[in-house]
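Dear colleague,

Please find below the structure that I am handing over to you. My notes on it follow.

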Amino acid sequence: MKRIIVWFRNDLRLSDNEALHQACLDADEIIPYYCFEESAIHNDSWPFPKTGAFRAQFILESVAALQAQLREEGLELQIYHGSSLKGLLKIKEEYQARDVYCAEEVSQEELDREKEMEENGFKLKRFWQNSLYAKTDLPFEIHQLPEVFTAFRKKMEKYAQVPKALPKPALLKGPEKLMAGELPSLNTLGLATPSFDSRSAFPFKGGGQAARTRMQSYFWEETRILEYKNTRNGLIGDSYSSKFSPWLALGCISAREIYWELKKFEEEVKSNSSTYWMYFELLWRDFFRFTALKEGRSFFRMKEVQAMKTLPHFEAWRIGETGQAFVDANMKELLQTGFMSNRGRQNVASYLIHDLKIPWHLGAAWFESQLIDYDVCSNYGNWTYLAGLGNDPRPNRYFNVQGQAERYDTDGAYQRLWLT
Ligand SMILES: Cc1cc2nc3c(=O)[nH]c(=O)nc-3n(C[C@H](O)[C@H](O)[C@H](O)COP(=O)(O)OP(=O)(O)OC[C@H]3O[C@@H](n4cnc5c(N)ncnc54)[C@H](O)[C@@H]3O)c2cc1C
């Protein structure tokens, strides 16, 4: 009797999930498992939680959606709050399973966790499944990954193909008497329930079904995708960009599933520079992910972090009280909703780094806490890029924030929305 534990992390879906797919081929029974990792929610490094309430809420909703989907198939998601290792040890004791299938992750914290599991006798099998392109399809060795995005893009476009998304597998049963998993509340995670702000760019709801509903409306019903290239620098409302990022960050839907839906749309409706641009942006996501894989620990450039907790100007930036109206409006949106547009992110990051001269790590840490779409590779990749470190280093990636406000918030509507 072979039992395999399928460890869900940032791949909270049943379709296009190779780890789950392969487990269903290799095992007699599977045990789906998720852990709310305490050290990823609270730690002592910063004066705010590592996972803030908005993000935690979105994760809870997404895990609940996965739990419900599995339950429909007769499987109980084993849910643990504490350390992933301790949860696994409990499962091992109850069900005598030590084979673990999971997605291949790149961040140091995840790798450290995996190492700990292997040291405790678990056999891990990892599957690269959270990017457009497969790791094995890269047309170069990973250490030869281009430093600059454009070079990467050209190589991928010329020599690689996005694999088809895998369908949902025929799920195996779990062991008899698999205990019902219990979701923690925000309260038990030590976080307060955030209130919904009606000015929010989108009423985000976790889970794969919500992701598909959004894709259906953004592509097919409202065909906003056809004007994406012109609207993507917008600041207000649900239609200026796709809002796919929170679901992608948790893997409620995969980048490949979006890509192939986009291809279908191009074939059946229309292909233009906007539909291409959606692929282009998803490719940026891949670029940061593969860069993190290539660079390992040095991707985070944490050796530059000094022993610092906070600085007065940082606090003003964090809560949107710097006196720079465009920055403050964006920071208030982030504080009160857990989301901010890409244009906003570039500006507030540049302002923190180049105008306030505050170490970028603090800004990245606040984004990590607050953004519901926090993704380790995209967040740290974008921050180091704007700090002039990391890939394609240029000393002065400076945004003239006042000029940007005049260009992208011409009539000041965005600033009025958040500041009055
Ligand atoms: C300082 C900074 C920090 C960021 N942190 C994150 C983060 O933690 N998580 C995250 O998903 N994105 C991050 N981004 C990238 C980008 O701002 C968001 O992906 C985007 O705003 C999400 O909105 P959307 O889904 O409507 O994007 P769309 O414009 O509709 O783009 C479609 C998808 O392409 C990908 N994408 C778009 N722009 C980028 C980019 N610059 N880098 C990587 N992927 C991109 C995302 O997956 C996005 O969902 C950051 C950008 C900056 C400047």
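**Two loop residues with positive phi**

K177 is found in the loop between α6 (149-159) and α7 (208-221). This is a predicted model, and in it K177 has a positive phi of about 60 degrees although it is not a glycine. Most residues other than glycine have a negative phi. K177 counts as exposed, because 8 C-beta neighbours lie inside 10 Å and a residue with 12 or fewer is classed in that way.

Q96 also calls for a remark. Its place is the loop between α4 and β4, and its phi is near 50 degrees, a positive value in a residue other than glycine. Q96 is likewise exposed, with 10 other C-beta atoms within 10 Å.

**The sheet**

Five strands form an open sheet, and their order is β3-β2-β1-β4-β5, with parallel pairing. At the edges stand β3 (78-82) and β5 (123-127), and each has a single partner strand, so one side of each is left without a neighbour in the sheet. From one strand to the next, the twist averages 30 degrees. Helix α4 (residues 84-95) packs on this sheet and touches β1, β2, β3 and β4. The direction of α4 makes about 150 degrees with that of β2.

The bridges between the strands may be set out as follows.

- β1 and strand β2 (residues 29-37) run parallel and are joined by six bridges; the partner of R3 in β2 is E29.
- β1 and strand β4 (residues 99-103) run parallel and are joined by four bridges; the partner of I5 in β4 is V100.
- β4 and β5 run parallel and are joined by five bridges; the partner of A103 in β5 is F127.

Six of its six residues are buried, so β1 is largely enclosed by the rest of the structure. In a regular strand the side chains alternate between the two faces of the sheet. In β1, R3, I5 and W7 point one way, while I4, V6 and F8 point the other way, and all are buried.

**The domains**

The domain assignment of the protein chain gives domain 1 (3-129), domain 2 (208-296) and domain 3 (301-412). The C-alpha centres of domain 1 and domain 2 lie 26 Å apart. Twelve residues from domain 1 and 14 residues from domain 2 take part in the contact. On the side of domain 1 that touches domain 2, the residues divide into five nonpolar, four polar and three charged.

**The surroundings of the ligand**

Which residues are the closest to the ligand? They are S241, S242, S245, N379 and N382, in a shell of 29 residues that surround the ligand. The elements that give two or more residues to this shell are α9 (245-250), α11 (273-295), α14 (342-355) and α16 (376-386). The largest share, six residues, comes from α11. By type, the residues of the shell divide into 13 nonpolar, nine polar and seven charged.

With kind regards

Note on methods:
Residues numbered from 1 in each chain as written. Predicted model: local features only at pLDDT ≥ 70, side-chain atom pairs only at ≥ 80, totals over all residues. Near = placed C-beta within 6 Å. Nonpolar A, V, L, I, M, F, W, Y, C, P; charged D, E, K, R; others polar. Buried ≥ 20, exposed ≤ 12 C-beta atoms within 10 Å, placed from the backbone. Pairing = 2+ DSSP bridges. Axes fitted to C-alpha atoms, helices over the stretch in contact; angles between N-to-C directions. Contact = placed C-beta atoms within 7 Å. Domains from an automatic or database assignment.
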